[in-house]
Amino acid sequence: VYEWLFGIDRFLIALALLVTTVQFSLTVALQIWRSQNDAIKYGIQTVFDTSYSIILSVVLIWVCMYYGISGVPGRISGANIVAVLMGSYFFWRYLSRGRVFFNKEYWRYALILSVPLMGHLLSSQVLHRVDQILILNLVGEYETGIYSLVYRLAEIPSVVLTASGSVWAVWFFDRMKNEEYTIIRKRSLQYALGFIGIVILCIIA
């Protein structure tokens, strides 16, 4: 269907589906290492993933251009093949350790949290891409560039939230391990109010 509607190659569609299936296990591993303050494993995995993705992308782009093919499939494949391999490894590792693929309580808990977010994430991705395409086709490249710049500036609160969330996660897991629930509730309120204040300041500015 996607190939017929958007002209997307079947291999890229299959690769995207494979990435979304196994990449979550790599994300879980990174979150576990971060919560355990295991900076060595976290750093090695991050550097490994980034460096090998770049190297593989360059090699595949060169191969595509050598055979007179567009380098786009090589770039996309190189950026995702490493993620698929590492995600598959951790997926199999967790599955073999737990020896349980389906646990009703776990799946129910995960679906309750994740299903409502699917529409939000999908719509945000569509909105992020479609508006620039429409401006480019209806107005021009200059206006599209101005819009992209303003859009990036508007993403500053999101960047701040992501960066602060990385620090907050380590502190949160340490307090959860010690069952310091009172201080967690207190700091959570302060954290939320502080971030709301940052967003308001960014909007005013």
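This is a predicted model: local features need pLDDT of at least 70, side-chain atom pairs count only at pLDDT 80 or more; totals for chains, interfaces and linings use all residues.

Entry 1: Which helices supply at least two residues each of the patch? I found two of them, helix H6 (141-154) and helix H7 (156-177). The largest share comes from H6, which puts in five residues.

Tyr142 sits in helix H6. Is Tyr142 buried or exposed? Its relative accessibility is 64%, so I put Tyr142 down as exposed, the cut-off for that word being over 50%.

I also jotted down a general point: in soluble globular proteins, nonpolar side chains tend to be buried together.

**Entry 2: the largest nonpolar core.** Next I went looking inside. The largest nonpolar core has seven residues: Leu26, Ala29, Leu30, Trp33, Val82, Met86 and Phe90. Helix H2 (10-35) and helix H4 (72-98) are the elements that give two or more residues to this core. H2 gives the most, with four residues.

What does Phe90 touch, once residues up to four places away in sequence are not counted? My list reads Ser25, Leu26, Ala29, Trp33 and Gln45. Among them, Leu26, Ala29 and Trp33 are also members of the core.

**Entry 3: Ser77.** I stayed on helix H4 for this one, as Ser77 lies there. Ser77 has a relative accessibility of 6%, so I wrote it down as buried; the limit for buried is under 20%. Leaving aside neighbours within four places in sequence, I found Ser77 in contact with Phe11, Leu12, Leu15 and Leu60.

Entry 4: With 34% relative accessibility, Ile32 counts as partly exposed. How far apart in space are Ile32 and Ile61? I got 34 Å from C-alpha to C-alpha, for two residues that are 29 apart in sequence.

Arg34 lies in helix H2 too. Is Arg34 buried or exposed? Its relative accessible area is 18%, so Arg34 goes into my notes as buried. I checked that against the limit of under 20%.

Then I looked at what Arg34 has around it. Neighbours within four places in sequence aside, Arg34 is in contact with Tyr42, Ser166, Ala169 and Val170. Ala169 is 135 residues from Arg34 along the chain, yet their C-alpha atoms are separated by 7.9 Å.

**Entry 5: Tyr191.** I moved on to helix H8 (residues 181-204), where Tyr191 has its place. At 27% relative accessibility, Tyr191 counts as partly exposed. Not counting residues up to four places away in sequence, Tyr191 touches Leu161, Ser164, Gly165 and Trp168.

**Entry 6: the salt bridge.** How many salt bridges does the structure hold? I found one. The side chains of Glu180 and Arg175 meet in it, at 3.4 Å from N to O. Glu180 is partly exposed, with 30% relative accessibility. Arg175 is partly exposed as well, at 25%.

**Entry 7: Glu179.** I stopped at Glu179, which lies in the loop between H7 and H8. Glu179 is not a glycine, but I noted a positive phi of about 60° for it. Its relative accessible area is 56%, so Glu179 counts as exposed.

**Entry 8: confidence.** The protein averages a pLDDT of 78, and 90% of the residues score at least 70. Where is confidence lowest, and where is it highest? The lowest mean, 51, belongs to helix H1 (residues 2-6), and the highest, 83, to H8.

Conventions
Residues are numbered from 1 along each chain as its sequence is written. Side-chain values use heavy atoms; hydrogens and water are left out. Buried means under 20% relative accessible area, exposed over 50%, partly exposed in between (1.4 Å probe, protein chains only). A nonpolar core is a set of buried Ala, Val, Leu, Ile, Met, Phe, Trp, Tyr and Cys residues joined through side-chain atoms within 4.5 Å. Contact means heavy atoms within 4.5 Å. pLDDT is the predictor's confidence in each residue, from 0 to 100. A salt bridge is a side-chain nitrogen of Lys or Arg within 4 Å of a carboxyl oxygen of Asp or Glu.
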